[in-house]
Amino acid sequence: MFKNYLIIALRNIKKNKLYSFINIFGLAIGIACCLLIVLYISDELSFDTFHKNADRIYRVNTDLKFGGTELHIPVTSDLMGPLLKQDYPEVEEYTRIFSFVGKKLLKKENEYVVARSFAFVDSTFFKVFTFPAISGNINNALTEPNTVVVTESFAKNYFGTVNAIGSFIETDDNGSTFLKVTAVIKDMPSNSHFNFDFLLSMKDLQYDWGNLVSSNFHTYLLLKEGTDYRAFDKKLVEFNNKYTFPYAKKFLQVNSREEFEKAGNRIDNSLIPITKIHLYSKRVQELSPTGSIQYVYIYAAIAIFILLIACVNFMNLTTARSANRAREVGIRKVLGTERKNLISQFLSESTLMACLAVLIALVLVFLTLPAFGKLSGKQLYYSKIFSLQIFPFIILMPLIIGFIAGSYPAFYLSKFNPAFIIKGSSLTGKKGEGLRSALVVFQFATSITLIISTIIIYKQLNYIQSTNLGYQRDQILIVNDTYALHNIETFKNELLKVPGVAAGTISEFLPVPSARNFTAFYKDAASVSKSGLTMQRWKIDYDYLETFGMKIVEGRNFSPDFGSDSSSIILNETAVKRMKYSSPLNAEMYTWEEGGKIAKYKIIGVVKDFHFESFHQDIGALCLTLGKSYGNVSFKLSAAAIPEFLSKAKSLWKDLAQTMPFSYRFMDESFNEVYRAEQNTGVTVLIFSVLSIFVACLGLFGLAAFLAEKKTKEIGVRKVLGASVPSLLYMLSKEFMKWIILANLIAWPAAFYFMREWLSDFAYRINFPYWIFLVSALIAILIGLITVGSQVIKSALANPAKSLKYE
């Protein structure tokens, strides 16, 4: 019996090639898009879940509000981990990570290579986290000074083999230091918020230990089984009362926590599960770029919408075409076919088509996965489709879709009296047409929502690109790792002689992601908390503001003509407002320097606010002081000067850095990297919007073809009676246009809500462009007219004599 069903199903597919193609291919596109997005979401949700004790690992965060500035950072003092384990039995183990060194020079043969992905960690690191060892004993690998644990890839690149136990890595620390490899671990997975190539012993870190108010360590706790981390969270308040505030009194000039908080300040710590860091944490100084649960929701909604659009197409065309098989049903019933066999026949046919669509979708995913992985910035694996989380969904999908799509002809047509059917009575009532209309409206409402979303995303990205940032980012070339130069001033001055080079500055602090340093400043020497403000402090040279085109709005820039400028300071406009200066020039500010000494600075200028962080954040308070800050040399130059500049820079570098490799970047590239997630989302939403519209149009085309076929005789009669082609086009397309207009009215409030929420994540954003609703309506109507009109015009231009012979 099943073989018979299969033969009839294949015969019907072959007989109705156009409808079969639209049905199967449209559904395949929808399923393929859904699977690609499911792979992306699955990867996002899997971050840090591979650790054996992932459900018991938590990071300690710090929230600080001081002098009007709020800081939300993922780091703590060096003492928090040890003291928490000492005082609280709920803590089974702790480990700390220090990763603010920046770069390290490693000697490989006769030259140095720059290492950036490394960190100092406690010997308990592998007791908390799960990173399998290839060789060596990771439990005691970092208990001694001058030891290092490397990843498999690092060992292959540096030593040429993974058998590196007992080998040494030479660094430039203290002139020359040799680190002994004590273990080799597998590469850290891409779905980890750690991305280190090698780990050094915490015993080698040179640090001002025992400072409870200096937060520079990522601290992780392994809580004992059965511990409620939310309840333990509250105990961090008593920890601060016991340790942090007594230590901080001398700096804050307060007698109690109550007095500190009464001034509008606060210091709090909290726990976040390690499995939530990637999607829910947006703190400054994260160990790696984080994702966003908001984008997971956006992608999930797109996946569901596209799959529903494809399923609606499949069901619409299946039910629409089923009425044409009514006579077949009648004859088969007359010949004795039981109703249950007819039901099985229709259900097996629709399920077979759905299965074919799934197979094609799997092929499409295989072909497009590399490109999608590159677009999303992820390592996505085809084998993940066959995981226990996804594969059952793939197996059930064609069965569910096939059952729903085949249920109408199976249960509706099979119940009719055969005599009624064979007479040729119409079975397409208003109820069936109403359902199809509702489904088409849903399809286009979803597509229009995606169209509006795409336009909004691109408008916001264009706003970011075109907004005056307060500094020049075009034609700024940054030479990296310049701390390796023997004479950095000579390097800068020689390159300034190249024609077309306008200015140059030495500083590791840049208005794109780079070095950051937060410091508390006070209006008076008593450093009381009421007069304090925590702000970013950048050390710059005399040429910094000129090179980046930053404007002084009050006072002056640093100048070698003033010997006192070493104790001078320049504030941005936000810092002036938050410090509540009416006349900031010549006012004095105080801060704690190294060694516990108070340093005094005089305000000599105010720089116009500029965007040195993402547009997601408000411009923060910033101060600039004169000082040496090696790491980068930035040059403002013309495009024509770049070839000669690079040639001379490489030559100078070879003389002054010798074994160190030369590298550079452009400021605008670093700027664009900040918004890589938004740019990728914009492209992805655009692609899926086009695909959703294409799938919706496939269905609309199929329905238009069905309607034109159904009205073939009516079209012929009207043409004989003198109807023009435009009037026939209007008659046959007006119903579809009503559906599309209704879809717009449904899509507009949905799109407005979702995109307003998305825009609210930006501190600086566009005003919602209400004209976009009219544009989306025109686009949808135009697409609908082209889709429906192509089929209707074909029927309207046909010879009426042939049309009247129809049926």
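Student: What share of the contacts in the protein chain with a separation of 6 or more comes from residues 24 or more positions apart?
Tutor: In this predicted model, residues 24 or more positions apart account for 79% of those contacts. A contact here requires heavy atoms within 4.5 Å.

Student: Why is I395 called partly exposed?
Tutor: The relative accessible area of I395 is 43%. Buried means under 20% and exposed over 50%, so a value in between is termed partly exposed. I395 therefore belongs to the partly exposed class.

Student: What makes I395 part of a nonpolar patch on the surface?
Tutor: Patch residues need over 30% relative accessible area, and nonpolar side chains are joined within 5 Å. I395, found in helix α12 (residues 391-411), has 43%. The patch also includes F391, L399 and F403, and its members together have about 810 Å² of accessible area.

Student: Why is helix α2 described as largely enclosed by the rest of the structure?
Tutor: Of the 29 residues of α2, 23 are buried, so the description holds.

Student: How does the reach of α2 stand against the expected value?
Tutor: Helix α2 (residues 17-45) reaches 41 Å from its first C-alpha to its last, close to the expected 42 Å.

Student: What makes both faces of strand β8 covered?
Tutor: T147, V149 and T151 on one side are buried, as are V148 and V150 on the other. Five of the five residues of β8 are buried, so the strand is largely enclosed.

Student: How do you know that β8 pairs with β10 and β11?
Tutor: Pairing requires at least two bridges. Five bridges join β8 to β10, running parallel, and three join β8 to β11, running antiparallel. Both therefore meet the criterion.

Notes:
Residues numbered from 1 in each chain as written. Predicted model: local features only at pLDDT ≥ 70, side-chain atom pairs only at ≥ 80, totals over all residues. Heavy atoms only, no water. Helix = DSSP H or I, 4+ residues; strand = E, 2+ residues; numbered from the N terminus. Expected span 1.5 Å × (residues − 1). Buried < 20%, exposed > 50% of the residue type's maximum accessible area, 1.4 Å probe, protein only. Patch = residues over 30% accessible without salt bridge, like charges linked within 9 Å, V, L, I, M, F, W, Y side chains within 5 Å. Areas by Shrake-Rupley, 256 points an atom, 1.4 Å probe, with all protein chains shown as cover. Salt bridge = Lys/Arg side-chain N within 4 Å of Asp/Glu carboxyl O.
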